[in-house]
Amino acid sequence: METLVTPGSNAEIQLLPDLEAISYKAAEIFLNLSQSSLPSKERLAVALSGGSTPRRFYRLLGSDPYRNQVEWHRIHFFWVDERCVPKEYEESNFKTVYDPLLSRVPVPEENIHRIRGEEGPEEAAREYDDAIKAFFGGTEIPVFDLIILGMGEDGHTASLFPGSEALREKKRLAVPVYKGGQEIHRVTLTFPVLNNASQVLFLVSGRSKSKVLAEIFEGGDNRNRYPAGLVAPAHGKITWLIDREAAEKLREI
Ligand code: 6PG
């Protein structure tokens, strides 16, 4: 594994062979965070993504040896975004996390703060915004201990798509997302939340991501065209776990 720290920033890139290695590394980071933080903190708040990339990571966390080493009752689970479908649907990000992970570990139900996508984008976003504020006890921008992100081939992250209105949100923590007319109905966390996290972990795998990744890391101002390139926690750390295929167009690696 190679580690590169991008100059002048708090971003670290870890280059790994493949998705399997990314998944193990992510599980290790999660475990380290829980073991190093929980003695001093009462609880941890993490926000997880859907998509295909983190599935193996969730499965690992939900199995031995990870499963037995985490104090699950002290971890609170949130979602980075959600599709507006019932929670039993394959497309549900809740299901993406619940089946391989949350259904297999002793996490109390009250620690699971899902986005109620089935209520529709507006209502679900409003409720989720309120739920986050209630959990963190105030109207300030919350500080998540860990946010797991993925990146789409178009450079979107969470459900923050290039050119969408949600990118400009400054106040709300969660907003409704409509894309392609009626095609996509979702709810997403906003940049103020992503960029206030203590730690952000991007998992990026596969050749189809390589072009956008190269533009984000080497494209100068071009990076701003891609929502994933706009994630830069003000006081936190950001780590990109990238596999060989995704990194194939990065010159200096
Ligand atoms: C989702 C996401 C989304 C995802 C990227 C990457 O629910 O789909 O939260 O932002 O992380 O689209 O998806 P893959 O991991 O499937 O490539």
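By buried I mean under 20% relative accessible area, with exposed over 50% and partly exposed in between, using a 1.4 Å probe and protein chains only.

Before going on, a word on the source: this is a predicted model, in which local features need pLDDT of at least 70, side-chain atom pairs count only at pLDDT 80 or more, and totals for chains, interfaces and linings use all residues. Residues are numbered from 1 along each chain as its sequence is written, and side-chain values use heavy atoms, with hydrogens and water left out.

Back to Asn111, then. Where is Asn111 found? Asn111 sits in the loop between α3 (93-98) and β6 (112-113). Helices here are DSSP runs of H or I with at least four residues, strands are runs of E with at least two, and both are numbered from the N terminus. The side chain of Asn111 reaches the backbone oxygen of His73 at 2.9 Å. Leaving aside neighbours within four places in sequence, Asn111 is in contact with Trp72, His73, Arg74, Ile75, His76 and Phe77. Contact means heavy atoms within 4.5 Å.

Now the whole chain. The protein chain has six helices and 11 strands. Its C-alpha trace spans about 45 × 45 × 35 Å along the principal axes. With 253 residues, a compact globule would have a radius of gyration near 18 Å, and the chain has 17 Å, which agrees. For the record, that radius is taken over C-alpha atoms, and the globule rule is 2.2 Å times the number of residues to the power 0.38. Of the 253 residues, 55% count as buried. Among contacts with a separation of 6 or more, 76% come from residues 24 or more positions apart. The chain exposes about 11400 Å², and carbon and sulfur atoms supply 47% of that; the areas are Shrake-Rupley values with a 1.4 Å probe, and for residues only the protein chains shown count as cover.

On to some helices. Helix α1 (residues 19-37) has 19 residues and reaches 27 Å from its first C-alpha to its last, close to the 27 Å expected at 1.5 Å a residue. That expected span is 1.5 Å times one less than the number of residues. The buried residues in α1 include Ile22, Ser23, Ala27, Phe30 and Leu33.

Leu60 belongs to helix α2 (residues 55-61) and, at 6% relative accessibility, counts as buried. Setting aside neighbours within four places in sequence, Leu60 is in contact with Ser23, Tyr24, Ala27 and Tyr66.

And what does α6 pack against? Helix α6 (residues 210-218) is mostly covered, with seven of its nine residues buried. Those buried residues pack against β2 (11-16), β10 (199-204) and β11 (237-243). After α6 comes Gly220, with a positive phi near 55°.

Next, backbone geometry. Most residues other than glycine have a negative phi, and most peptide bonds are trans. The peptide bond from Asp64 to Pro65 is cis, with omega near 5°, and Pro65 lies in the loop between α2 and β4 (75-79). Ala158, a residue other than glycine, has a positive phi near 50°. Ala158 is in the loop between β7 (146-149) and β8 (174-179) and is buried at 8% relative accessible area.

Last, the aromatics. A search of the whole structure finds 13 aromatic pairs. Rings of Phe, Tyr and Trp (its six-membered ring) pair if their centres lie within 6.5 Å; planes under 30 degrees apart count as stacked, over 60 as edge-to-face and the rest as tilted. The rings of Phe135 and Phe136 have centres 5.0 Å apart and planes at 80°, so this pair is edge-to-face. Phe136 and Phe144 are also edge-to-face, because their ring centres are 5.1 Å apart with planes at 75°. Elsewhere, ring pairs link Phe30, Phe57, Tyr58, Trp72 and Phe77 into a cluster.

Terms used
Polar contact = N/O pair within 3.5 Å; in protein donor to acceptor, adjacent residues only side chain to side chain.
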